[in-house]
Amino acid sequence: MNRSAISLTVNGAATTLEAEPRTHLADLLRGGMLLTGTHLGCEHGVCGACTVELDGAPARSCITHAGACDGASVRTIEGFAEDAVMAALRAAFTAEHALQCGYCTPGMLITARDVVLRLPEADEARVREEMAGNLCRCTGYRGIVRAVLRVLEQRRSAAAVA
Amino acid sequence: MKPAAFTYARPADWPEALALLGGGARAQAGGQSLGPMMNLRLAQPGAVADLRHLPGFAGVTVTGATCRIGAGTTHAAIEDGAVPGLLGRILAGVARRIAYRAVRNRGTIGGSFSHADPAADWVAVLPVFMGEAIAFGPAGERRIPLDGFLRGLFETALAPDELLRAIELPLLPAGTRWGHWKFCRKPGEFSKATACVLAVPGAPVRAVLAALDTPPLVIADAGALLLAAPEAEAARIVAGLGPLEPWRAALARTALQRAGLAAREDA
Ligand SMILES: Cc1cc2nc3c(=O)[nH]c(=O)nc-3n(C[C@H](O)[C@H](O)[C@H](O)COP(=O)(O)OP(=O)(O)OC[C@H]3O[C@@H](n4cnc5c(N)ncnc54)[C@H](O)[C@@H]3O)c2cc1C
Ligand code: FES
Ligand code: FES
């Protein structure tokens with residue numbers, strides 16, 4: 001076993017973990033740091049359940065391995081507890097019934113937050129396109145799309161008033 | 001779904017990267033194809049050389065009428081306008097249809113082109129441009145025309161001891177028209193048939209037909225696709241490909257027609 005020291009900043013705190021280079025980031029977070037909010041579905045990049053923020057942008061934590069993450073900054077769903085945009089998304093997901101079992105939800109929220117911040121003018125078609133990389137087996141997506149649109153609209157009307 | 005064990009190295013410069021390659025290491029850029037392949041154990045490299053920290057790996061520079069795109073430039077950077085002008089607008093539209101944003105944030109244009117998946121989006125589009133791939137090997141840089149880079153399925157003109165360093169594309173003059181059609185049933189999926197048509201003023205119209213489980217077909221004089229009724233030309237091109245399942249041939253013909261129509265209508 002060739003374990004080596006991997007330095008990461010996770011949710012703002014610097015940490016060093018011993019890991020094999022082949023360990024993927026999701027296992028490092030879940031097993032090494034007990035940050036189990038990051039979920040694993042397909043483990044090959046398709047389902048989006050494992051999406052985290054890596055160096056400031058959403059990324060699949062299942063196909064990025066520990067070696068490549070050395071020195072990186074990671075923000076998991078736990079790291080958004082105090083984030084205002086995430087709070088609005090959580091409330092909208094509740095109001096619009098955007099989850100049932102919740103397995104896809106951490107990845108959905110991280111993707112949705114990026115959409116809201118990066119594409120403030122997004123309409124329903126664009127939201128559907130942007131959320132297409134996150135699979136949900138429960139909801140049928142309508143509630144999720146409505147929740148993201150709800151936050152986009154809240155932010156647009158807040159900007160119009162300001 | 002965990003990869004086989006490997007050692008990891010992060011070369012600080014290009015010669016060091018080549019030395020690792022010479023020692024049997026597998027190059028890794030964004031890891032967005034290699035990562036899944038390693039998890040599925042379709043690839044089991046004993047050593048990985050991570051190219052992401054090489055000087056000049058990512059980034060776009062324009063010199064005269066040529067745009068040089070570092071192999072490590074991500075799909076997302078291109079989607080967000082890293083390439084200037086009309087060329088940039090075209091490439092941004094292609095990039096936006098690759099996979100999903102979380103994959104585009106890591107996946108690179110050079111990784112995709114080197115991987116040479118016949119269904120990949122850059123594979124289906126880059127050969128339409130009169131550009132070059134810049135390879136870097138023990139003897140230094142070597143230029144490979146883009147329409148000769150892809151040699152087969154998952155096979156390129158790169159030698160085993162070479163890396164792809166950059167893609168160079170000519171900037172496009174005003175009046176250039178462009179059409180692109182990717183058939184996939186869900187956004188972000190790999191294509192089932194892709195066509196693109198590029199009409200640069202004063203030059204022959206070029207087209208590419210791709211994602212048919214064969215290397216891309218470059219059509220060097222595709223002017224007939226810009227006619228009001230491109231059906232006959234599309235059918236002629238597809239018939240020349242040899243046997244295809246009927247549904248696939250229909251997708252291929254339709255992709256060509258729609259790309260032609262889009263180019264015709266492109267202001
Ligand atoms: C869920 C999902 C959906 C996807 N959908 C699409 C899609 O619709 N269309 C599409 O085009 N792609 C798609 N992809 C693939 C994605 O675009 C990858 O980013 C791309 O294929 C590979 O780029 P990379 O930088 O990640 O390369 P890597 O995965 O790091 O490397 C790929 C291969 O190229 C080699 N390589 C990498 N860089 C170099 C270099 N500079 N020189 C020489 N060899 C090199 C590696 O050794 C490896 O063999 C998808 C990926 C995923 C996970
Ligand atoms: S677990 Fe990472 S994308 Fe499915
Ligand atoms: S809520 Fe169950 S998978 Fe989305």
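A polar contact is a pair of N or O atoms within 3.5 Å; within protein, one atom must be able to donate a hydrogen and the other to accept it. Keep that idea in mind as we walk through this predicted model.

Where they meet, domain 1 of chain A brings 16 residues to the contact and domain 2 of chain A brings 14 residues. How many residue pairs are in polar contact across the interface of domain 1 and domain 2 of chain A? The rule finds six, counting pairs with both residues at pLDDT 80 or more. On the domain 1 side of chain A, β3 (51-54) and β4 (57-60) each supply at least two of the residues that touch domain 2 of chain A. Of the elements on that side, β3(A) gives the most, with three residues.

Charged side chains also take part: there are two salt bridges between domain 1 and domain 2 of chain A. R75(A) forms a salt bridge with D83(A), and their closest N and O atoms are 3.8 Å apart. The size of an interface is often given as the accessible area lost when the parts come together. For the two domains of chain A, about 1,100 Å² is buried between them, with 57% of it on carbon and sulfur atoms.

Now turn to chain B, which is divided into domain 1 (7-43), domain 2 (60-170) and domain 3 (177-265). Here you can find an open sheet of three strands in the order β1-β3-β2 (chain B), with parallel pairing. Because β1 (7-9) and β2 (26-28) of chain B stand at the edges with a single partner strand each, one side of each has no neighbour in the sheet. From one strand to the next, the twist averages 30°. To see one pairing up close, follow β2(B) and β3 (residues 47-50) of chain B, which run parallel and are joined by three bridges. Along this pair, A27(B) stands opposite A49(B) in β3(B).

Finally, look at where the chains meet. Chain B contributes 31 residues to the contact and chain A contributes 33 residues. Together the chains bury about 2,500 Å², 52% of it on carbon and sulfur atoms. R96(B), Y100(B) and R106(B) supply 19% of the area that chain B buries against chain A, more than any other three residues. The rule finds three salt bridges across this interface of chain B and chain A. R96(B) forms a salt bridge with E129(A), with the closest N and O atoms 2.8 Å apart.

Definitions and conventions:
Residues numbered from 1 in each chain as written. Chains lettered and ligands numbered in written order. Predicted model: local features only at pLDDT ≥ 70, side-chain atom pairs only at ≥ 80, totals over all residues. Heavy atoms only, no water. Pairing = 2+ DSSP bridges. Helix = DSSP H or I, 4+ residues; strand = E, 2+ residues; numbered from the N terminus. Axes fitted to C-alpha atoms, helices over the stretch in contact; angles between N-to-C directions. Domains from an automatic or database assignment. Contact = heavy atoms within 4.5 Å. Buried area = accessible area lost by both parts, 1.4 Å probe. Salt bridge = Lys/Arg side-chain N within 4 Å of Asp/Glu carboxyl O. Polar contact = N/O pair within 3.5 Å; in protein donor to acceptor, adjacent residues only side chain to side chain.
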